[in-house]
Amino acid sequence: AWRTIRVVKSKELNMLGKTAERSMTLYEVLGKMQPHARRDEFLFADFWTVMEKRGFGPMLALPSFIACTPIGAIPGIPSLAGATILLIALQILLGRRHPWLPERVMELTCDADQLRYIVEKVKPLAVRVDRFLVPRWFFMRQPVVRSFIALNCVACGLVMIPLELIPFMGLIPASAVFIMAIGMATDDGAVALVGVSISLFGFVLGFERLAALIV
């Protein structure tokens with residue numbers, strides 16, 4: 001009987017150890033976003049090919065990160081990022097195992113030098129942030145909670161499109177999606193729920209500003 005108990009406990013510890021391993025770090029996610037040297041353009045498909053098997057977190061991180069950078073100030077970029085986030089998050093709700101995007105989205109490009117510069121500037125901060133990103137609150141993996149997070153990402157992507165009419169307002173939903181995406185990529189449920197909280201705040205503020213703009 002004691003031998004059986006020890007075997008069961010050993011299996012539980014091994015499962016806990018596997019569960020506690022981080023899927024990725026923020027530094028790794030940013031590294032994958034960094035364009036290769038001597039490239040004038042960063043092709044969305046390049047990132048997709050490398051990261052499509054790493055889950056939906058990194059996939060959501062790229063468009064939301066771009067929308068949070070100075071590149072996101074270019075007219076049309078917030079709407080494109082929002083539409084991409086919307087498509088990816090909808091696939092989480094539909095239970096797809098691997099994300100898919102239309103060919104036209106895969107062919108999107110941005111200035112490689114500008115993105116490379118931004119990523120290099122953010123990487124030192126990512127190393128510090130990674131110290132606080134630990135696998136926890138594993139209830140985030142439950143289908144109901146995962147669907148709730150995906151639903152928030154859908155709403156953020158949707159609201160980013162009209163919010164492009166209001167300067168800098170799209171940063172709130174974009175930041176919320178990026179934080180939720182990092183939480184998903186690093187298995188940190190606490191961080192993902194911080195992103196959810198920011199998204200709820202962004203919805204209230206965004207709808208107020210849109211209502212004022214219409215009136």
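Is C110 buried or exposed? C110 is buried, with a relative accessible area of 12%, where buried means under 20%, exposed over 50% and partly exposed in between (1.4 Å probe, protein chains only). The model is predicted, so local features need pLDDT of at least 70 and side-chain atom pairs count only at pLDDT 80 or more, while totals for chains, interfaces and linings use all residues. Residues are numbered from 1 along each chain as its sequence is written, and side-chain values use heavy atoms, with hydrogens and water left out.

Another cysteine, C68, is partly exposed at 28% relative accessibility. A disulfide is a covalent bond between the sulfur atoms of two cysteines. With a disulfide taken as a pair of cysteine sulfur atoms within 2.5 Å, the structure holds 0 disulfides.

Salt bridges were counted where a side-chain nitrogen of Lys or Arg lies within 4 Å of a carboxyl oxygen of Asp or Glu. This rule gives 2 salt bridges. One of them joins D113 to R116, with the closest N and O atoms 2.7 Å apart. These residues are 3 residues apart in helix α7, and therefore about one helical turn separates them; helices (H or I, at least four residues) and strands (E, at least two) are DSSP runs, numbered from the N terminus. D113 is partly exposed, at 45% relative accessible area, whereas R116 is buried, at 17%.

A salt bridge also links D188 and R136, whose closest N and O atoms are 2.8 Å apart. D188 lies in the loop between α9 (171-185) and α10 (189-214), and R136 in the loop between α7 and α8 (143-163), so the pair ties together parts that are 52 residues apart in sequence. D188 is buried, with 0% relative accessibility, while R136 is partly exposed, with 31%.

Helix α7 (residues 112-130) also contains K123. K123 is buried yet has no salt bridge, and E120, the nearest side chain of opposite charge, is 4.3 Å away. For charge, Lys and Arg count as positive and Asp and Glu as negative, with His and the chain ends not counted. Leaving aside residues up to four places away in sequence, K123 touches Y27, L30, G31 and Q34, contact meaning heavy atoms within 4.5 Å.

L93 belongs to helix α5 (residues 77-93) and is partly exposed, at 33% relative accessibility.
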